[in-house]
Amino acid sequence: MRPASRRELLLIEAIRLFHRHGYHAVAVEDIGRAAGMQASSVYRYFPSKADLLAAAYYRATDRLAGATTTAIAEASDPADALRRVVQAYVAYAFGQSDLVAVYLAENNNLPDEDRHQLRGAQRLHVEEWMRLVETVRPDLPAADVRVLVHAALNVVTDIGRLGRFDRAEGYDTQTARLALAVLHA
C-alpha cells in the first residue's frame, strides 16, 4: 500500500533511492518520479534534497528512541532491560534496513546543524546503553563500558549489513546473541 500523505511517500522513496544508489547519485527528479509526481512538487514538502536526508535521519532517531524507551519500560530489571534494548535495536535495524543503511552511510551529507543535533541524539542513545551496562556490570570502568557498548552497536550494524539485514536465516537472532555476548565480555 502507498501512504496517503505525499510527504510520507516522498520520504519513503527518498530513503529507498538513497540506500540503493547513494545520496549523491539521486536527484530530486528521481525522488519525484518514484513517488509519481513532478520534481517541482517535491519542493512543496521538502525545500531541498538535504532536507529529505535530514528528515530520514530524524525519523531513524525518533524510531530508535521509541523502541529503546519501550524496551526499558517493559523490563523487569536492569539485566532484562539491557537484553530488551539489544533485541529492540536488532529488530529496528533488521526491520528498517533501508533507513538504517542510509543512516549509517550518509552522515557526511547532512547539513551541519542537523548533523550536530543528530550527533547529540546518538550520544544520548549510547549513554542509555552505558547506563544499563554499568548497572548490570558495576565492576567495569566507564571507559570499558563505552568500548563494549560501541562494539555491540557495531556488531549489530556490521553483521546486519553483511547478512543484508535478512531475518530469514535467523541473522537477527544470532546478531542479538552476539551483541549481548559482547556486552557481557
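The legends below describe close-up views of a predicted model.

**View A. The largest nonpolar core and the surroundings of Ile31.** The largest nonpolar core comprises 60 residues, and those with the most contacts inside it are Phe18, Ile31, Leu52, Val86, Trp129, Val149 and Leu183. When its neighbours within four places in sequence are left aside, Ile31 is in contact with Leu10, Glu13, Ala14, Leu17, Phe18, Val26 and Leu52.

**View B. The packing of helix 7 against helix 8.** The axes of helix 7 (residues 112–136) and helix 8 (residues 142–162) come within 9 Å of each other and cross at roughly 120 degrees, which makes helix 7 oblique to helix 8. The crossing of these two helices is right-handed. On the helix 7 side, the residues that meet helix 8 are His125, Val126, Trp129, Met130, Val133 and Glu134, and their counterparts in helix 8 are Ala142, Val145, Arg146, Val149, His150, Ala152 and Leu153. Sorted by class, the contact of helix 7 with helix 8 consists of nine nonpolar, two polar and two charged residues. Trp129 of helix 7 and Val149 of helix 8, both part of this contact, are also among the residues with the most contacts inside the largest nonpolar core.

View C. Not counting residues up to four places away in sequence, Val102 touches Ile15, Phe18, His19, Leu53 and Tyr57. Although Val102 and Arg16 are 86 residues apart along the chain, their C-alpha atoms are separated by 8.5 Å.

Methods:
Residues numbered from 1 in each chain as written. Predicted model: local features only at pLDDT ≥ 70, side-chain atom pairs only at ≥ 80, totals over all residues. Heavy atoms only, no water. Core = buried A, V, L, I, M, F, W, Y, C linked by side-chain atoms within 4.5 Å. Buried < 20%, exposed > 50% of the residue type's maximum accessible area, 1.4 Å probe, protein only. Contact = heavy atoms within 4.5 Å. Axes fitted to C-alpha atoms, helices over the stretch in contact; angles between N-to-C directions. Helix = DSSP H or I, 4+ residues; strand = E, 2+ residues; numbered from the N terminus. Parallel < 35°, antiparallel > 145°, perpendicular 65-115°, else oblique. Left-handed = near helix turned anticlockwise from the far one by under 90°. Nonpolar A, V, L, I, M, F, W, Y, C, P; charged D, E, K, R; others polar.
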